[in-house]
2 protein chains.
Amino acid sequence: MEKAPRSNDLRTRVGGQSGLERRPLVHVRLDDVDHRLLAALAEDARLANNALAQKVGIAPSTCLARVRRLRDEGVLRGFHADVDPALAGRPLQAIVAVRMHGAARSRLKAFLRELAELPGVMNVYLLGGAHDFFVHVAAPDSDGLNDFVIENLSANPGVALTETNLIFEHVRASWY
Amino acid sequence: MEKAPRSNDLRTRVGGQSGLERRPLVHVRLDDVDHRLLAALAEDARLANNALAQKVGIAPSTCLARVRRLRDEGVLRGFHADVDPALAGRPLQAIVAVRMHGAARSRLKAFLRELAELPGVMNVYLLGGAHDFFVHVAAPDSDGLNDFVIENLSANPGVALTETNLIFEHVRASWY
DNA sequence: TATGAAACAGCATAAGT
DNA sequence: ACTTATGCTGTTTCATA
């Protein structure tokens, strides 16, 4: 039996999920233990398997298998550090609401993908409703924000209008 | 020498930052290595110190000290698992824009704090602009979403109007 | 399917250069 | 800031219930 190079299954195959590609929409049955695992990892993604197992009351080996299953099924999409944009040089956050011209809607998803790659862009939400999408962006200053909106949004001929909402506070909820 | 119970410094003192409390607004100088560390951890929060060090091209001990500094300074706010709401039983996401009555604005922050604790609430954004805040929420179904808006938002006498935007796609950007 | 033990590998941590 | 060295912990497999 060839020995695979020890792949820490909790850490590998993380990321690489843009959120834009269509997912097979499987239904996953999650029991109470699974929910506790998800809650614990949502709160602290760096919990070691041992500590995690103890926290939810199962054996480490069982815990490892459960978490691997959750990852393989796609319930656990990844593990990310939460960086404070203000302290990382981007103290000015905004949510820019954008409406497109009707003809440009076919290229919308590709456009969003490009936007998500731009520096400072934190989230992009494709919407149904009065606006077509929201861009959550963090900028170094007011000029930077203005430049972002003008150069990356308004400059696009498909963009009909933008509405910039400054963010005064952002509370990231604990999820459940 | 008393042996402190091995505290993995990368994992301790994580969480407990709601985002609502006022921060001392210190300026942090980040060099290129720091930015690479943040980017790497934002992409995969479970990278072990060794692997992280190798990835950014510094020694493990240096890496440990750097990351600890980033955490102590508040640049690294925490490490969170990214759970797919759809596969976890909440396939319907929305961003609800809310405007308050003028008189109710003084209690706004406390209100947001309460909202953030509700099941399904993922983000709350306090805004300046046409709306007072946005609530990013994930609901089990259309009824659940409706109930959330009515019971937790419209029911509040301070709420003047709500505008629910369904989310078709959510792209979480790679941060930088 | 979950558990527990055992073995191994790999990591955090603290010296010293 | 790097290198080295050392306990020690976490991961992993396998046998068992």
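A residue counts as buried when under 20% of its relative accessible area is left, as exposed when over 50%, and as partly exposed in between (1.4 Å probe, protein chains only). By that rule, buried residues make up 47% of the 176 residues in chain A. This is a predicted model: local features need pLDDT of at least 70, side-chain atom pairs count only at pLDDT 80 or more, and totals for chains, interfaces and linings use all residues. Residues are numbered from 1 along each chain as its sequence is written, chains are lettered from A in the order in which they are written, and side-chain values use heavy atoms, without hydrogens and water.

**Build of chain A**
- Chain A has five helices and five strands (DSSP runs: helices are H or I, at least four residues; strands are E, at least two).
- Their order from the N terminus is α-α-α-β-β-α-β-β-α-β.
- Of the contacts (heavy atoms within 4.5 Å) with a separation of 6 or more in chain A, 66% join residues 24 or more positions apart.

**Surface**
- Chain A exposes about 8900 Å² (Shrake-Rupley method, 1.4 Å probe).
- Carbon and sulfur atoms supply 51% of that area.

**Annotated domain**
- An unreviewed UniProt entry places "domain: HTH asnC-type" at residues 30–91 of chain A; such annotations may be inferred rather than shown by experiment.
- Residues 30–91 of chain A are 53% helix and 13% strand.
- The end C-alpha atoms of this stretch lie 39 Å apart.

**Two copies**
- The same surface serves both copies: 98% of chain B's contact residues recur in chain A.
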